[in-house]
Amino acid sequence: LITLFILVFITITASFTEGAVDAWAALYMRDVIFVSGFTIGAATISFNFFMVLGRLVGDKVRDILGTFNFLITLFIFSFAGLFIVINFSTLLTSIIGFSVLGLGISSIVPLAYSIAGKVKEIDSAVGISIISISGYGVFMIAPALMGFIANLYGLSKVFLPMILLFIIC
């Protein structure tokens, strides 16, 4: 049962990050990085492109590294991407940061589904449903919560809570 709670926290962290990037990256690019036009969407495009790429190759990489090592690698990539986004404020570093973050986030939730379906103390359908509810629930809450954070601390700090969540993970 503790495994399921850990998986829920991991899912919440990944979904929170994904929701925040989808809702706030363009504003971050416009108001913190000071870009305009097409380049405003560059962060979201790079993040989503590398998420898709990561999901396409995720199973093969998991088979090579093993589930635990792959999950740790994804956490490291996610943390590194957020670190770059938060600490460097140029167009190029932002695109790199969001790309690395997208690669890191890409397979965390699918791994959580896979592991939740194998938890011995709980029926696989129940485990998968719990992961699904936690992921989608946070994905819907994240943009509003990030707005609250941006309002209190400024848009430049909007991605800071995610880096703290990945440290806890």
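Predicted model: local features only at pLDDT ≥ 70, side-chain atom pairs only at ≥ 80, totals over all residues.

User: Okay, surface to begin with. Which residues make the nonpolar patch?

Analyst: Phe79, Phe83, Phe88, Leu160, Leu164 and Ile167 do, and together they form a nonpolar surface patch of about 550 Å². Helix 3 (67-87) and helix 7 (160-168) are the elements giving two or more residues to that patch.

User: And which helix gives the most?

Analyst: Helix 7, with three residues.

User: What about the other residues of helix 7, which ones are buried?

Analyst: Pro161, Met162, Ile163, Leu165 and Phe166. Those buried residues pack against helix 1 (2-31), helix 3, helix 4 (91-105), helix 5 (108-116) and helix 6 (124-153).

User: Back to helix 3. How does Phe79 count, buried or partly exposed?

Analyst: Phe79 has 31% relative accessibility, so it counts as partly exposed. Ser78, also a helix 3 residue, counts as buried because its relative accessibility is 0%.

User: What is Ser78 in contact with, leaving aside neighbours within four places in sequence?

Analyst: Leu101, Gly104, Ile105, Ile108 and Phe166. As for Gly104, its backbone oxygen is 3.5 Å from a polar atom of the Ser78 side chain.

User: Where does Gly81 lie, and how far is it from Val100 in space?

Analyst: Gly81 lies in helix 3 and is buried, at 0% relative accessibility. C-alpha to C-alpha, Gly81 and Val100 are 4.8 Å apart in space, though 19 residues separate them in sequence. Beyond neighbours within four places in sequence, Gly81 is in contact with Gly97, Val100 and Leu101.

User: Switching to aromatics. How many aromatic pairs are there?

Analyst: The count is five aromatic pairs. One of them is Tyr28 with Phe159: the ring centres are 5.2 Å apart and the planes sit at 75°, so the pair is edge-to-face. Tyr28 is in helix 1 and Phe159 is in the loop between helix 6 and helix 7, so the pair ties together parts 131 residues apart in sequence.

User: Are those two buried or exposed?

Analyst: Tyr28 and Phe159 are both buried. Phe159 also pairs with Phe98, with centres 5.6 Å apart and planes at 75°, so that pair is edge-to-face. Phe98 lies in helix 4, so its pair with the loop residue Phe159 ties together parts 61 residues apart in sequence.

User: Which residues do the ring pairs link into a cluster, then?

Analyst: Tyr28, Phe98 and Phe159. Phe98 is buried, like Phe159.

Conventions
Residues numbered from 1 in each chain as written. Heavy atoms only, no water. Patch = residues over 30% accessible without salt bridge, like charges linked within 9 Å, V, L, I, M, F, W, Y side chains within 5 Å. Areas by Shrake-Rupley, 256 points an atom, 1.4 Å probe, with all protein chains shown as cover. Salt bridge = Lys/Arg side-chain N within 4 Å of Asp/Glu carboxyl O. Helix = DSSP H or I, 4+ residues; strand = E, 2+ residues; numbered from the N terminus. Buried < 20%, exposed > 50% of the residue type's maximum accessible area, 1.4 Å probe, protein only. Polar contact = N/O pair within 3.5 Å; in protein donor to acceptor, adjacent residues only side chain to side chain. Contact = heavy atoms within 4.5 Å. Phe/Tyr/Trp six-rings, centres within 6.5 Å; stacked < 30°, edge-to-face > 60°.
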